[in-house]
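Biologist: I'd like a guided read of this fold. Could you take me through it feature by feature?

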Amino acid sequence: MGLITDVRDHGFEGLEHNFLTGKLEDFVKWSRARSCWPATFGLACCAIEMMATGAAHYDLSRYGMEVFRASPRQADLMIVAGRLSQKMAPVLRQIYDQMMEPKWVISMGVCASSGGMFNNYAIVQGVDQIVPVDVYAPGCPPGPETLMHAIFTLHDLIQSGELTQRREATGRGAGVLVEQRDGQAVPVIIGSR
């Protein structure tokens, strides 16, 4: 009875690890990382790049993510692609709350991450004010290569168990910023003469 109670209350942490349970925990982390099912939440131009990532050339199905779920109850990864208006913020939160646990969030693009060029009252200045963000994918819009890099980074963090430990400790997402991988040049602002 004590073993069942420990597992029910503490999960795998309630077990003393031996060769079987240690490997089982690693297998669960590996399978959780490799079977992320994203929820569709495309808001602006970044959504086109997200759709391109799921198309034949980049083929997310190789990584167990072949179907973007229309129902949040079947998804565990939310990719927020584009600017989030104040009017859509409660909808985003509702969809996030309906997703399965454990759930992850990728903020795709500068508009989702910080409001971008839309510094006004109508746009949320970063989706991390509404949902906990685990990985930020920079760019305007970030290309499929950058989104894939963000997804691989998320897979590594899930498999290592770091995300669940951070979320339990802080109640927030990891907030990892990945580098841009799609060859876009960083814009240089040249002053007027």
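Modeller: We'll go from the sheet to the cores, and then to some charged residues.

Modeller: Some ground rules: this is a predicted model, with local features needing pLDDT of at least 70 and side-chain atom pairs counting only at pLDDT 80 or more, while totals for chains, interfaces and linings use all residues. Residues are numbered from 1 along each chain as its sequence is written, and side-chain values use heavy atoms, leaving out hydrogens and water.

Biologist: Okay, the sheet. In what order do the strands run, and is the pairing parallel or antiparallel?

Modeller: Helices (H or I, at least four residues) and strands (E, at least two) are DSSP runs numbered from the N terminus, and two strands pair if DSSP finds at least two bridges between them. Here 5 strands make an open sheet, ordered β1-β2-β3-β4-β5, with parallel pairing. β1 (38-39) and β5 (176-177) sit at the edges with a single partner strand each, so one side of each has no neighbour in the sheet.

Biologist: How do I read the two faces of a strand?

Modeller: In a regular strand, side chains alternate between the two faces of the sheet. For burial, under 20% relative accessible area is buried, over 50% is exposed, and in between is partly exposed (1.4 Å probe, protein chains only). In β2, Leu77, Ile79 and Ala81 are on one side and Met78 and Val80 on the other, and all are buried, so both faces are covered. That makes 5 of the 5 residues of β2 buried, so the strand is largely enclosed by the rest of the structure.

Biologist: Which helices pack on the sheet, and at what angles?

Modeller: Axes are lines fitted to C-alpha atoms, for helices over the stretch in contact, and angles run from 0 to 180 degrees between N-to-C directions; contact means heavy atoms within 4.5 Å. α3 packs on the sheet, touching β2 and β3, and its direction makes about 135 degrees with that of β2. α6 lies across β2, β3, β4 and β5, at about 155 degrees to β3.

Biologist: And the nonpolar core: how many residues does the largest one have?

Modeller: A nonpolar core is a set of buried Ala, Val, Leu, Ile, Met, Phe, Trp, Tyr and Cys residues joined through side-chain atoms within 4.5 Å. The largest here has 25 residues, and Leu77, Ile106 and Leu154 have the most contacts inside it. α3 (46-54), β2 (77-81), β3 (104-108), β4 (135-137) and α6 (144-160) each supply at least two of its residues. α6 gives the most, with 7 residues. Beyond its neighbours within four places in sequence, Ile106 is in contact with residues including Leu77, Val135, Leu147 and Leu154. A second, separate core of 16 residues includes Phe41, Ala89, Val124 and Val133.

Biologist: Now charges. How many salt bridges are there?

Modeller: Side chains of opposite charge can pair when their charged atoms come close. The cut-off for a salt bridge is a side-chain nitrogen of Lys or Arg within 4 Å of a carboxyl oxygen of Asp or Glu. The whole structure has 2. In one, Arg93 pairs with Asp97, the closest N and O atoms being 3.1 Å apart. These two are 4 residues apart in helix α4 (residues 89-98), so about one helical turn separates them. Arg93 is partly exposed at 32%, and Asp97 is also partly exposed, at 45%.

Biologist: And the other one, between Glu101 and Lys103: is each partner buried or exposed?

Modeller: Glu101 and Lys103 meet at 3.6 Å, N to O. Glu101 is exposed at 61% relative accessibility, whereas Lys103 is buried at 6%.

Biologist: Where does Asp76 lie, and what does its side chain reach?

Modeller: Asp76 lies in the loop between α3 and β2 and is buried, with a relative accessible area of 8%. Its side chain reaches the backbone nitrogen of Trp37 at 2.8 Å, within the polar-contact limit (a pair of N or O atoms within 3.5 Å; within protein, one must be able to donate a hydrogen and the other to accept it, and residues adjacent in sequence count only if both atoms are side-chain atoms). Among its other contacts outside four places in sequence are Cys36, Pro102 and Lys103.
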